Amino acid sequence: MKKTVLHIVTTLMIIGISVWLFAYDKAAEPGVLSWAHESIRDCETCHLPWRGVTDQMCLQCHSFRGNGTLKPQLQFHQAHAHCLDCHSEHKGYAGTISKVDHTLFNGELACTQCHFDAHNGKFGRDCRACHEITTWEIDGFRHPSSDNRDCHRCHAVPTSHEKEAFLKELKKRDMEDSPEETIKECWGCHTIYRFYGIAQND
Amino acid sequence: MWTEKNINAYLAVFFVFLVAGGLVHQNPSFAGSALGHTFGIVGSLFILMTLIYPFRKRVLKKKGRQNPLNSHIAYGLIGASLVVIHSAHKFSSLIGILVFLSLVLVVLSGVVGRYLYKHVNRSLREQRRDRKLLKARIDNRKRGITAACLPDGTIAMEEAGLPEDPPNQWPDYDIHEDCNAWLNEIEALAEKEYAMRVFDRLKNVFSRWIRIHFLISFFLFAMIMVHVLTTLYYGLSWLG
């Protein structure tokens, strides 16, 4: 009899703890919310019961109606609609809640809508011709072909070329007729493989 | 090398390493990923399979080879290991922590039951056998001494296997020596019985492990259920 009562009490206690844990929101919280969402107290604000976090739940606060309402750098959101593919929460107060997956973007999205073009447009708009989407680093330097004679578009004329010694060098190479033109004809002395190595003029 | 018993020992060592891995590793996003959930689901199924053993033992009354304990241990250890992999050592939610702690306690109480209780039981069995032998020897000696002594206090020399001559003719026989041996044996028996009482008490303590093991297992199953229900309630992000 005593044993049976003990079993019943133990069972009821464990069931009670389980029910309490299920009902207590914080017991299931996998981590603290980020500073951006810290004011949210109720889990159901974002989590639709038995369905989870849907795009509609995010769009209750984050509206993307029309390009005009978005900053240029955020307009790529129009290209992909599923928030959880890039955003997640409960990673701590200062946690990063965005992890952009570039493979999700469609071809219409220009890289420069979000990224600063360090080449000032000199290499065109097709960033992916050289860059991959997982890293900015590229395998080795890819110089335009040797037929390209627009060196000055990227390379500024160094101050050393304005000195006497440079003019002497031009004279030596019979190129002193129009120094203003010659100074932009980099290929006359330089190669694309070794900019600081001067090609020997026979 | 690959006997069932050894495999279980390897699984236990693997489990200990996995748990200890939490000291140097943690992956906050693995548990919620599709692969992480797969580990969790398969692990829980293995843990559920451990119920086969108590069901067959208590309901179907199958014991011994018909219901091997080794399978129960293997299912439990594989399940527990998969669940630890699922957690990826991220212990942040209260329910997750409770699942992990009860899991470790269930495995620990299982090890106590399987190995320590078994050893105590075996020692007790050996001591009982020794006591039986000792008691038989004491009884034999007692019979010999009783038979050798006459009611008037003199010794029946023939019964004692000695010549019926005056005392100075049998100086080699000393009844005290026989009595001393008898007393020593009685002393040894007393010591043996004391040790057995200690082992008996130990056995009683260990016999409670099954209740503790059962209780924590019950708690573990309840926590797994709460964990699964809350996960479904708040949504599986990777399914969205």
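Okay, let's start with one residue: A:His90 counts as partly exposed, because it has 17 C-beta neighbours inside 10 Å. Bear in mind that this is a predicted model. The backbone is worth a look here too: A:His90 isn't a glycine, yet its phi is positive, at about 60°. Where does A:His90 sit? You'll find A:His90 in the loop between helix H2 (55-59) and helix H3 (164-172) of chain A.

A:Trp50 belongs to the loop between strand S1 (47-48) and S2 of chain A.

Zooming out to the chain. Chain A has four helices and two strands, and along the sequence they run α-β-β-α-α-α. Of the 202 residues in chain A, buried ones make up 3%. As for contacts in chain A between residues at least 6 apart in sequence, 51% join residues at least 24 apart.

Last bit, the contact between the chains. Chain A puts in 20 residues, and chain B puts in 20 residues. On the side of chain A that touches chain B, the elements giving two or more residues are helix H1 (2-23) and strand S2 (52-53) of chain A. H1(A) gives the most to that side, with five residues.

Methods: Residues numbered from 1 in each chain as written. Chains lettered and ligands numbered in written order. Predicted model: local features only at pLDDT ≥ 70, side-chain atom pairs only at ≥ 80, totals over all residues. Contact = placed C-beta atoms within 7 Å. Buried ≥ 20, exposed ≤ 12 C-beta atoms within 10 Å, placed from the backbone.
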